[in-house]
Every structure is written in C-alpha cells, then in structure tokens.
Amino acid sequence: MSKRAIYLAPLSVFLLMAVYFAIGLTKDPKILPSALIDKPVPEFSLPPIDNGTPQGYGKGFSSADLKAGGISVVNVFASWCLPCRTEHPFVTKLAKMKVAKVYGLNFKDAPKYSLKWLKELGDPYDAIGADPKGRVGIDWGVYGIPETFIVDGAGKIRFKYVGPMNGDILENQILPVIEKLKR
Amino acid sequence: MIPEIGHFALILALLVAFVQATMPMVGAHRGNHAWMAISRPAALAQLGLVAVAFGCLTQAYVTSDFSVLNVVQNSHTAKPLLYKISGVWGNHEGSLLLWVLILALFGSAVALFGTNLPPGLRARVLSVQAMIAVGFYLFMLLTSNPFERIFPVPINGNDLNPLLQDPGLAFHPPMLYLGYVGFSMAFSFAIAALIEGRVDAAWARWVRPWTLAAWCFLTAGITLGSWWAYYELGWGGWWFWDPVENASFMPWLAGTALLHSSTVVEKRDTLKGWTILLAIVTFSLSLLGTFLVRSGVLTSVHAFATDPARGVFILGLLIVVIGGSLALFAWRGPALVSTGVFQPISREGALLFNNLVMATAAAAVLLGTLYPLLLDAVGGGKVSVGAPFFNAVFIPLMVPMIVAMAIGPMLSWKRADLKPALSRLWVAGLVMIVAMIAVWAVETDGPFMGVIGIGLAAWLFMGILSELAGRIRLFQGPLSESLSRLRRTPRAAWGMTMAHLGLAVAIAGMTGAGAWKTESIQAMKPGDTVSIAGYDFVFDGARSGTGPNYSILSGTFRVIRDGRLVTMLYPEKRIYDVSQQPTTEAAIHSTFLGDLYAVIGDEDETGAFVTRIYFNPLVGWMWTGVLIMVFGGVLSLSDRRHRVGAPAKRGAGLAQAAGA
C-alpha cells in the first residue's frame, strides 16, 4: 500500500460511515412503525418467564391470544430499560381500567432481573411472555423500548407508541384508540 | 425584550465568527499582518456576544419568563434556583449555547495568552476555531433557537426532567463540554499545522496543555455522570455502556492516546501524521458525542430531541468538519516528515503500544455503538449491543495494556533494554502474586476476573512506585540525595506518576464493584432485618413529606455490625409535582471496603415496602482513583515547562479553577 493510500484511509472510512448515517436518518424511529400498522400481528408463541418452576411466571402468550377477539395492548418492557420504569405506573393505570387485555412482552431480559422488577414495581399484566433473545421483538419491529401496541379483536395492529407512556399519552392517544376500536 | 437581545447577540456572533474564519486565514496565506491581527479582537468579541446571549437565556430561566418556549418546556416556578440555572443547559438548545460559550472561551484564551505563538499559526488556529463556531451558530439560529417566543404565554412551565434535577447532573454537562470543546483546540492546531505543513516539538508543546486540560475536564465530566447514575438511578451500577456514555468515552480514549502520542512528537520528532490524525479523530468523536444522541440516528434515554431537520443539518456539519479535515489530512499529511527512528523496545515504543490499544478500544466502542444502526441500514434487522460485547472486547485489550503500563515508564527514549526494566519490577510482581492469592483465599467463589483485576491493580501500583523509587535512586545512595531528587522531580513527571497510580486505584475499585457486588431485594415491614456482607439493615419504617417541588417517601434504616450502630440510611423516593415522574434517591454510606447502599420503593397492600439493599465493594476506590488521575493531570498542567509556552497559562488556570 502506498503512503498516499494510508493517508486516504481515514477519509474513506469516514465517508462510508457518513453514508450509513444518511441511510440511518431516513429510517426515523417515529416513522418506521407505520409499516406494521393495520397489518396482522406476526405469528409467535412466547413462554412465561422462567422462575425455576415448570409452569413459569406470567402465563406466556401467543398470536392466537391476540386474535381471540377483544382489544389487547402489548407493552414491550425490560428491567434494564429505565424509561420502562417511569411508564410503569401508567401501564398499571391502564390495566386497572380493564378496557383491554394488557400483555407484557419481556424483551431481552434475564429472568432473575425481570422477576425482581415485577416484584418490586408490581405486575399489572394479564399475561407476560418472555423473549430473552429478542427474536419475537424483531418481528414486531421493536426499535427502542418501551413500546406499546394496540391490537384489535381480529389480531391487527392498529396503533403503536414508541417511548415511555405518560398520563398525557395515555389519556389523549392510547385510550381514544381503544375507545374507537370498541365502537 | 431581553430574549431578543440574546437572539440578536447570537446573530452578531455569527457575523463576527464569519469574519474571524476567513480574513485571518487569507491574511496568513498572503503574509498580511493586519488581516491576521483581526483574529484576536474578533475572538474576544465573540466571547462577549455569546456571553450576552447566555446571560439573556439565564435571565429568562431565573425569572421564569414563560414567553420563551425553551423556558416553558424545561422550567417551572417552583423549581429550586440551582436547577433553574442548570435548566439553561439541561435541554437541546441551551446546551448548544453552552457549547458555543465554551468554544468562545477557549478561542479568547488563545487570543489573550497565545502571544508567543507564531502569528501565522495563531491566526490559522483562531480561524479554524471560528469555522467550527460558524457551523454551530448556524445550527442554532436555523434549527434550534433557544430564544423562540410562545404566544399565548402559559401560566407555568413543564418543569425539567426530574432525573436531571440533581446537583451531580447540574455540573456534568459543563464539565463534559469543557472536555469536548477543549479538544477543538488540538483539532485547530492540527488543521493549522496541516495547512502550514509543519509539525515539530514546539507545536507539540503548544498543543499538549490544551489536550491535557480537555482531558482533565472530560475525565471529571464522565465521572460526574457515572457517579450520578450510581446514586440516582438506584441500581447500584455505575456504567451501562449506554450509547450516550459511549459517546463520551470514545473521545476520552482517543484523547488519552493523543496525550501520549504528542509526547512522542515533542521528544522524538516522530509519529507526526498519527498524532495529527488522533487530534482530528478525538475532536470528531467529541462532535459525534455532542450530536449523535440528538439527531434521531440513535434513540436513547438521553436524547433531547429527535427532529429530522436537525438530523440532516448535523450530518451535513459532520461531513464538512470531519470529512473536510480528513481530506486535508489525506492531501497534506504525506508531506509531514518524521526524523526520529523507531525502536520497538523504547519509551516511544511503549507509548505507541498504548496508542494502539486506546485506538482499538475506541474503534471497538464506536463499532458497538453504531453496529445496530449499520445493520439496520443494510436491512439486516434490529439488534442492540450491550455490556457482554463491550466487556468481551474491553477486558482482553486492557489486560496487556496495564501489564505494559508498569514497564513503559522504565524504558528510556530511543533504545532501551527490557531486562533491567523487568528486573526492577520484581517487587511489583511479588506484590501482584500475593494480592492475587489473598483475593483468591478470601473470595474463593467469586469470579476469576476479580483475582485478575486486583492482581493487575497491585502490579500497576507497585510498578509505578518502583519507577518513582528508581528515578530518585531510593536505597541506592544516601537518603538525602534521594530526597533532593524527589524535590527536583518536575511536576509533569509527578503528574504522570499520579495519573497512573490513580488508574491502579480505580481499576481495583472497578474490579471490586464488578466482581463482588452483593444485593438483596425484598419487601420489608417496619422492624424487619436484612443481612448483607456482614451488616444488618434494620428497617424502621417510612414516612411521607414534601420537598420544594416534589413529594417524598423517606425510609429509615439502622445499619448494625457486631451489635454496634454503623450508620443510619435514609433512602428517598420522590414524585415530582409537575411531571408526576418518580425518582429514587439512594442512601449511601461509604466505608473503606465498600458502599452500603439502600433504595426504597413502593408500599404494597400489606404495608410492606419494597427495598433494595446493596453492598458495593470498593466503589469509593473508583471515584478516588479517578480524582487522583485528574489531580495528576492538573499537576502536570501546572508544570513550569508548560507555562513557558504561554498558551499553557490559560489552560492551567482553567484546570485549576475546575479542580478547586
């Protein structure tokens, strides 16, 4: 390799990175989810969280549960995710309203820590499925957790919210969608 | 009216920066001294104007002027004064304003104290600084104006994110930015040197204090952030390999490499192209660190804003600054001639090894941080890269480096012999083995990494002390001679010794905190006791209260060891009034061997509180070690030899102010 080529290498590496950045910019996290909207939920079956017992913790759930009729909310969470912690009271609030079944998708989490998390903060979910490797999460297009999906009775994804839910999002975005689907 | 003054001052600063970016550069090219001389008053005018803008925004925050959108979004009348002030930079727009303020501060420091720099070099350096500033002013004025008004005026604001309402985090961004922006000096000097086509020992001496000052600030800034995460997030952890942490760690790694390679340029007149490249890369990573997290390219907890318009501008700015400087490097770099010859076993060889490890580490962190993005860009699906990757890459890199770190300072410049150096390290080797056996005996069931980590820390610590002993000829002659040698040791050498000793202490701390942390999570009723690491934590109950802008749940623990009260711990859980967001305030009692750490959570139906109790071994060593490292840096900055080069004066002054 000539001396000139060595001095050109850093520039080439950077330009390659810049191209990737540019592509990355077009894949805006807020736009991306629309790809799944009004599509049926991906086929999956998630086991409960492994707590050492044969039946596990949190029942687990699958795509069949989401297609069984009735509106469901799928909340993607993990114990390592800080914003999940801040949105937890609002997931609890939503679950207590009993307007929809609330499923927890435990994403890329160690059972030990997710069980602790649920014990500490409380378990608002009707059922929890563990996705330790994140395979199912990828099918759902999980990008930055927490994420919250609303699924209609026929098993179609009708709404997706990326980021921590708060009182405002719950009142003005999540609940209106559920209301609309109920009618 | 006042916000408009701030806005107007920013526009004027842009115009001044534009003049400063162009005329001195052209003047230096043509040898026109009048044009070159413009750089100095222009740099000072920029500082004045940005200070006015910053003052105006601060005024809006302190008086809670809710006609300013930025204040509405990030402040509240009930917020304590400290956080009203820190709220100025606790958001995207304001943090950019702080960035340009610090940039202007460094620029004026060169203008005022760089009197002994060759006029051409000074003009070019200030011109490059102004080019960076132009980019930032444009970014602010076009996409992120902090002075934007809102009508109708809301009655109150949305408050600052409660997690940011904390004394540690109030000072974390300014420190970090002093580090990031400090590296712009090395960058500007590198660009000026490329244009002039000359890099020599004098150049290295001018660059070094700036790099050192930036390094001290960045080290302190990263540590403040880590410390905050430790006591505020309530997980007992201190580093999460979060993209934002990585963003600040990459310039640190590159900057540390630069610090070491610039010594080689100064002493041996070689490694020139590499040092210039490191200066460019370090600042590029600082820019990336400033921007990556806000562009929407990476989503993270820390991200202030994900706005596509900003993202495009940021990418454009990065391409111009980084791409432009690397293109200049490709064009002018081959012309840099190194005279020194290079022997692998020598001081410069050891420093090069340090550089290779640091650069590889920085590249690995960059890869791990961007990999999810790259994979997504080529349609490979979405993944996230976490601590296992970084630990797997980092530890194998650091082990040989720490082994070499004890040897390197023993080697002489040019050509050294490994044998005498190694023979002086037998004490260090012995202490290492004893330490490893002791650790293994006490913590037989612990991870093997703990044994290795403590062993390495002992090796490095003793190795550095042996080097110091050798330098002053301890036990080789009369004690009085050793003492007088000790007194005559230059501060720069002391600085290196301290910084390396500090790292040894910090490694012991990180090892302890990583390897032997014990935790216990449970629901406790008043009167319950939990035992951990030989301490009994008695829960005396919890009570409610109110703070200035939050309500508190405060728990009380009595910590008892061998029947004697060690300390009381009062962990808190706060709910902030405006955002209704909860935060945890861990209660921490530090002892020599570790931190007692308690967190309180919610009350359940039965009246029990969820509590988390940790024993975090040697965490205090980590903070102490880093403090010693920063102290070493400051000590080195205060060396007379640095002050002889006048630009160092300001650097040293700044660092001392920060150390105070």
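A:Ile23 sits in helix α1 (residues 3–26) of chain A, where helices (H or I, at least four residues) and strands (E, at least two) are DSSP runs numbered from the N terminus. With 16 other C-beta atoms within 10 Å, A:Ile23 is partly exposed; a residue is buried if 20 or more other C-beta atoms lie within 10 Å of its own, exposed if 12 or fewer, and partly exposed in between, with C-beta atoms placed from the backbone. A:Tyr7 is 16 residues away along the chain, and the two C-alpha atoms are separated by 26 Å.

This is a predicted model: local features need pLDDT of at least 70, side-chain atom pairs count only at pLDDT 80 or more, and totals for chains, interfaces and linings use all residues. Residues are numbered from 1 along each chain as its sequence is written, while chains are lettered from A and ligands numbered from 1 in the order in which they are written.

**Chain A overall**
- Chain A has six helices and seven strands, and from the N terminus the order reads α-β-β-α-β-α-β-α-β-α-β-β-α.
- Its C-alpha trace spans about 70 × 40 × 30 Å along the principal axes.
- Of its 183 residues, 42% are buried.
- Taking contacts (C-beta atoms, placed from the backbone, within 7 Å), 72% of those in chain A between residues at least 6 apart in sequence join residues at least 24 apart.

**Chain B overall**
- Chain B comes with 22 helices and 10 strands.
- Its C-alpha atoms fill a box of roughly 80 × 80 × 55 Å along the principal axes.
- A compact globule of 660 residues would have a radius of gyration near 26 Å, and chain B agrees at 26 Å; the radius is taken over C-alpha atoms, and the globule rule is 2.2 Å times the number of residues to the power 0.38.
- Buried residues account for 54% of the 660 in chain B.
- Among its contacts with a separation of 6 or more, 74% are between residues 24 or more positions apart.

**Helix α3 against helix α7 in chain B**
- The axes of α3(B) (residues 39–62) and α7(B) (residues 119–143) come within 10 Å and cross at roughly 35°; axes are lines fitted to C-alpha atoms, for helices over the stretch in contact, with angles from 0 to 180 degrees between N-to-C directions.
- On the α3(B) side, B:Ser39, B:Ala43 and B:Gln46 meet B:Arg122, B:Ala123, B:Leu126, B:Ser127 and B:Ala133 of α7(B).

**B:Phe609**
- B:Phe609 is in strand β10 (residues 609–617) of chain B and is buried, because 22 other C-beta atoms lie within 10 Å.
- Beyond neighbours within four places in sequence, its contacts include B:Ala523, B:Met524, B:Ala542 and B:Ile600.
- B:Gly555 is 54 residues from B:Phe609 in sequence but 9.0 Å away in space, C-alpha to C-alpha.

- Most residues other than glycine have a negative phi, and most peptide bonds are trans.
- A cis peptide bond, with omega about -5°, joins B:Phe151 and B:Pro152; B:Pro152 is in the loop between α7 and α8 (167–196).
- B:Asp269, not a glycine, has a positive phi of about 55° and lies in the loop between α10 (243–268) and α11 (272–291).
- B:Arg473, also not a glycine, has a positive phi of about 55° and lies in the loop between α17 and α18 (479–488).
- B:Arg473 counts as partly exposed, with 13 C-beta neighbours inside 10 Å.

Technical notes
Two residues are in contact if their C-beta atoms, placed from the backbone, lie within 7 Å.
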